[in-house]
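Colleague: I'd like to learn how to read a model like this one, feature by feature. Can you walk me through it?

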Amino acid sequence: MGESLRIGVFICRCGTDIAGVVDVKALSEYARKIPNVAYVTEHEFLCSREGLEVLKRTIRRYGINRVVIAACSPKLHELTFRRAIQEAGLNPFLLEIANIREQCAWPHSHEPEKATEKAKYLVRAAVLKVATLEEIGEISVPVKTSVLIIGGGIAGITAALKLAEYGFQVYLVEKNATLGGRVLQLGTVFPTEDCGVCMPPYVLERHRKCLYKYAQMVMVHPRIKVFTRSTVEHVEGHVGNFKVTIRRGPRYVDEKDCVACGVCEEVCPVEVPNEFDLGLSTRKAIYMPSPYAVPHTYVVDEDHCTRCGACVKACPFNAISLNEKPQDVEVEVGAIIVATGAEEFNPKGMYGYGTYPDVITQLTLARMLDPSGPTKGEVIRPSDGRRPSRIVMIQCVGSRDPKINPYCSKVCCAIALKHARSLKKRYPEAEIAIVYKDIRLAGKDYEQYYTECEELGVKFIKGEVLDVVQDPETKMLRVELESYGERKELIADLVVLSCGFVPSEDAKKLAEILGLNLAPDGFFMTVHPKLAPIDTNTDGIFICGACQGPKDISETVTQALAVAAKVAALLAKGVIKIDLAKAFVDENYCIGCATCVMVCPYDAVEITPRGVAQVIEAACQGCGICAAECPAGAMQLRNYKDDQIYAAIRGVLGA
Amino acid sequence: MGISAVLCTCGGVLEKYLDFDELESYIKRNKDVVMVRRYSALCTQDSKELIQDFIKSGAKALLVIACSKYICSPSLEKAAEVLGVDLTGLVEFVNIREQCAWICEDRKNATEKALLMIAAALEKARALEPVKKRKFKVKEAVLVIGGGVAGIQASLDLANQGFKVYLVESSPSIGGTAALLVRTFPMDDCDCAICVKGFRMTEAAMHPNIELLTYCEVKEVKRYPWGFKVKILKKPRYVDYDKCIGCGICAEKCPVEVPNEWDRGLSHRKAIYLPFPHAIPCKYTIDPEHCLYFTKKACRVCEEVCPYNAIDFNQKPEEIELEVGAIIVATGSEEYDPSALPKYGYGKYKDVITQLQLERILDPSGPTGGRLIRPSDGKPPARIVMVQCVGSRDPEANPYCSRYCCMEAIKNAILIKTEHNPEAKITILYKDIRTYGRLEEYYIQAKDELGIEFVQGEVTKVYEEKPGYLVVEYQDPLGNVHSLPADMVVLACAMVPRKSFKDLAKVLGVELDEYGFFKELDRKVGSVETKIPGIFICGTCQGPKDVSESIAQASAAAMLAALHISQYREKKLLIPTLDEDLCGRCGLCVLSCPYGALTLEEKGPIVDEMLCQGCGICASVCPNNAINIVNSASELITRQIKSVMEEAKALGRRVIIALCCEECAHTLMDTVGFYHEEYPSEVIPIFVPCLGILSIGHILMALNYGADGVLLVGCPLDRCHFEQGAEIAMRRVLLIKSILEEIGLIPDRVRIVNLSGTMVEDFLKASRELVNKLIGR
């Protein structure tokens, strides 16, 4: 660059946030004296539209070719300022931000003088560093217009349909034998009290359809490929270009040939508890996972099948093959959506669960209340099959409990009240009590449950349950609790535990495969809970639904749509632009030791056949670990090269 | 011409239950059947062959006698597509597996029942006509109403996908309520609301695909198949938008001071003003209600001092016309005015404020410069009592919970404790603390680490002991009354719909819910859609929610809007046809349509093809039988019933005609079969799109032709897939019962059950009872 340096320093007063502590006038005086500074100005709010206009005007008018902005954290407005200086004709990377708010004015508000001194150093460091910066370009990387969705529950189905409709190829991977997820088991769901299999599709078909018809739409959609009983085994690549290995577990029944006639089931000699009904019913070793299973074909449970071959012989279509093996399928996608849902907390050992058969969870109760469930909607005591008359529900089991899970599971209050209402309507004479900490029915949809339950005579007791014990003589359950400092006891013949959400078992393994972080509570972690609730730490991988934290159906669907929007925006153009503020290799120095390959957390460096390192720009996140570890000094991070960092240090030291 | 009939034996399995030879010979007796063939796996291997055979036969309609149509139709559709045949409207299904073979007493009964079902289907197949499909594309532009956090997010999402967005905001600046909050939860990093929001506000303002229309209002919306023609009223700012640079000299000199609504009355602004320092656009606006020139024809100081000659007192309202393919409503909500509930003392005591006012006080760019002081005397309050659920969960005000207020109170309490006054004694009076999900951690922090006190109770009154000494009197859950002294009382007020919603809803043609928020299509999975295709809602205008929920909803709305405008769409035109000669122009059909799809013109009713969903309610109300749904004509239903009854007579069978809707009832009939639950074979189903299509005549005719009874099976009343159909049918059944009683027949011969797709037991009970009573089995 032949022209001489003309650095512009723009200082933001940020109302009183900066100017109330830092002496901005003195700071600008100081900045004027730093070498190569051609112009210094102050503004009330530099990030405002007006401020940005001033910035652009000044750059043009005074021929500024490097910019220092002394304002708030670059986390907030770096992008805004980069865009503005680009509009003024500069390369967007010829910018350095001195954070004199979060890192100066705010923490040192009680020492304004020292804060002003520190601000001077920060500005000086920025000026010295900006003088060494280089223009950085960007490259266009073609992306695959296909998407992998992991999880075929309501979130995955929603995202899949919308993205396919948009024109993307979708691979939907579900570990179970049927699509539909947890919602299929719920019987009726709040707030509309629809049957759990009833879901409306969108836009043109304005009337509601059942989830199984809806899931059927997924099966027949020309742009959706469904893998049931399958898992994601391996992922490599980066945003726009992921290579995914899907392990397709055997169904032992050919989806294309099975007509669901059920002959196999009739002849199968093995009978096992049906997990779909949480053991309230039985099924055979060859079975239909649910009446609303999609794909609507049979599947063999290899753990219980005795390989007797009766079904193979009986099948009129020769659709069964007990020798089927798992198969690995490779697909290439531009983005990945994780929608693996959550599980019900297992309260084993708490409140007599596992010891007394009449202590059950809300999900078991949901199966009983399902009119097409194992009891056809009748609620029974598992111990003797009789109808319970005194039911106690215990809230926050496994939630809001510092020893287990500190978070609130959000939906259990609504579930309990929904069930209590159904029970009261079905068995008006039954006594129902709910022991709770707070009744959390947030929003406009749910409060009616509370008032209605109260009207129906459901008792609400604020308190904490200490234990549930069985009276050895009467076989009744005694719920011991403390309410407003008083010990109380409730007699029950059925106790229902409102168990919270816990992350699904395979979340950990999946996180490892995808390189995602889990939050301390075990759910997938988002980048920013408020502004980016569906983004992850890896570009191109998104999360939605209950795998990210407890959620109800409405929120899950909303999030799935939001994710679809994100992915659509990312892949719609067929290319993504990547700026080159990334690591790069000076091949003259590289000795091919592969230290960089080993330390890179993003698998963004590889060794070329010529024996030198090469950075995959689309994968590099610009952390610079490789540069720090490179023994030969061959690896550098653009705009954080050694001399550039030294310049900043000299600036801080005032040297 | 003619009908091609195909049977599927399900791999031979069904032959055990049904005599296929007899079914075939029955079908062959019908002269217009040109082909009968038996297959063994229509749903898988045979579908392609079937379509080829159908083409060869030259038949007009296809009758598929097999299992549930939801299982076998997808592969047929696929095969038809591959072979290039359009079968839309030309296929009729008879489910002889779930609805017959698997639920009948024995082979003879099953075969006879199948025969009767086929008789009805043959009648229908004869009348089938191809259903037209309409392919169309809507205008690739979106109107977003409301420039708050939701509106901005939706605009950005769409603009980033390359769509043109018009962002309309009624106030002079975008930003909405969230721009007034000091911080927003969860507070993981620097999250003063304006920083985070300001970023997006600027981004929206700078985006080349977004056209910002501030100080504008939507006046008129006309619907067309391609989208909406929108009239927008641009209110005069009396300041030239292009000339004003936002220097603020005008406001400095303006002599008029009025309470600043953006600071909730805690400060003053001038008659020429910028709403708040970060306002976008940074352009001043004159408030004509207070400006001396407009009230008294005096002053004009601003005009004199403006260095850019930007003041223009002659500005007039302007009208802007836009054409868009979709509309997103994101108009936000308001804070409830607690002066309506005198017990809280709001409006009476200066130091009783709302949480939003507290936000302004804590905001460094707010009226106090971020110093925590109380309004009455400017002293810092040491004892603060926060009262929850003011105007929420209160039958006297709003029955619903406002969802965000627990968290807002806890957030502000934490802020006061950590950044303003660690010694402050803060008490939060609550009903239930609803920090749902992960927000629980803030509750724990507030309660256990910061010593903020949480007390369960309900306020009975707030009063002043002596000036500056407030007392909050409350009742605990055990009924005891206590008093809390306070320097300042902060009310967590409900989130309520804006007053302007009614007018806007009318302009848009959408509905409001029982509380006055915009009504969603479905609270569970359609929370961002409205009744009208192409109009979406997001943010707090749909119901109370926090910032992150608003943002998620906005993205969801943007996704659906993008899909709506970017795709070529196809709609099956299962719509009514009109016989102009019969039509008496009475307009009953127009009134009855749940979708507002009909308008009465000179020639008779005109159908909006895009709005009509084909429920047939219009046909059922027409006194002249002039209006009929394609492939579900009123007369056809009668003929189907007649055909079943004639065959039954020939077989010597007694019959209960089960008129079932194609939605819940169809699913239900399939579910019952899946479980092999037996019910009397006298029950013969005939399917109609919605029970609302059935007139009283249909039911009486069934009895007249000799049916022992009529059972109507439809969706639960509040969940009819066509909104009102189930209820209309219910009312008609009541009427028929009274007619039957009047003429001396047993009213119980007609029965309606409203069941969802899983309610197996209820259906079994109803059908068994009916047969027991009327036929005696």
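Predicted model: local features only at pLDDT ≥ 70, side-chain atom pairs only at ≥ 80, totals over all residues.

Colleague: Okay, and how is chain B divided into domains?

Modeller: Read it the same way. The list for chain B is domain 1 (1-131), domain 2 (133-235 + 317-333 + 499-572), domain 3 (237-315), domain 4 (342-496), domain 5 (574-614) and domain 6 (632-777). Between the C-alpha centres of domain 5 of chain B and domain 6 of chain B there are 27 Å. As for the whole chain, the C-alpha trace of chain B spans about 95 × 65 × 55 Å along its principal axes. Its secondary structure comes to 22 helices and 36 strands.

Colleague: What share of the residues in chain B is buried?

Modeller: Of the 777 residues in chain B, 56% are buried. Another thing to look at is how far along the sequence contacts reach. Among contacts in chain B with a separation of 6 or more, 72% link residues 24 or more positions apart.

Colleague: Let's zoom in on a helix. Which residues of helix H20 (residues 696-704) of chain B are buried?

Modeller: They are B:His698, B:Ile699 and B:Ala702. With a helix, check next where around the axis such residues point. These cover an arc of only 95 degrees, so they sit on the same side of H20(B). Then look for what lies over them: the cover includes helix H18 (634-651), strand S33 (656-661), strand S35 (709-714), helix H21 (725-742) and strand S36 (750-754) of chain B. Just after H20(B), B:Gly706 takes a positive phi of about 115 degrees.

Colleague: And strands? How do strand S9 (residues 216-224) and strand S10 (residues 227-234) of chain B run, parallel or antiparallel?

Modeller: Antiparallel, with eight bridges joining S9(B) to S10(B). The link between S9(B) and S10(B) is a hairpin of two residues.

Colleague: What about a sheet with S22, S23 and S24 of chain B: in which order do the strands come?

Modeller: The order is S22-S23-S24 (chain B), an open sheet with antiparallel pairing. Strand S22 (458-466) and strand S24 (481-486) of chain B each have a single partner strand, so one side of each lacks a neighbour in the sheet. From one strand to the next, the twist averages 25 degrees. Six bridges join strand S23 (residues 469-475) of chain B to S24(B), and B:Glu473 has B:Ser483 as its bridge partner in S24(B).

Colleague: Last, single residues. Why is B:Cys250 called buried?

Modeller: You count neighbours. B:Cys250 is buried because 27 other C-beta atoms lie within 10 Å, and the cut-off is 20 or more. This cysteine lies in helix H8 (residues 249-253) of chain B. Beyond its neighbours within four places in sequence, B:Cys250 is in contact with residues including B:Cys302, B:Cys306 and B:Tyr284.

Colleague: Where is B:Ser392 found?

Modeller: In the loop between strand S19 (383-390) and helix H12 (405-420) of chain B. B:Ser392 is buried as well, with 24 other C-beta atoms within 10 Å. Leaving out residues up to four places away, B:Ser392 touches several others, among them B:Tyr400, B:Cys405 and B:Ala494. B:Val496 is 104 residues away along the chain, yet its C-alpha is 9.2 Å from that of B:Ser392.

Notes:
Residues numbered from 1 in each chain as written. Chains lettered and ligands numbered in written order. Helix = DSSP H or I, 4+ residues; strand = E, 2+ residues; numbered from the N terminus. Buried ≥ 20, exposed ≤ 12 C-beta atoms within 10 Å, placed from the backbone. Contact = placed C-beta atoms within 7 Å. Domains from an automatic or database assignment. Arc of directions from axis to C-beta. Pairing = 2+ DSSP bridges. Axes fitted to C-alpha atoms, helices over the stretch in contact; angles between N-to-C directions.
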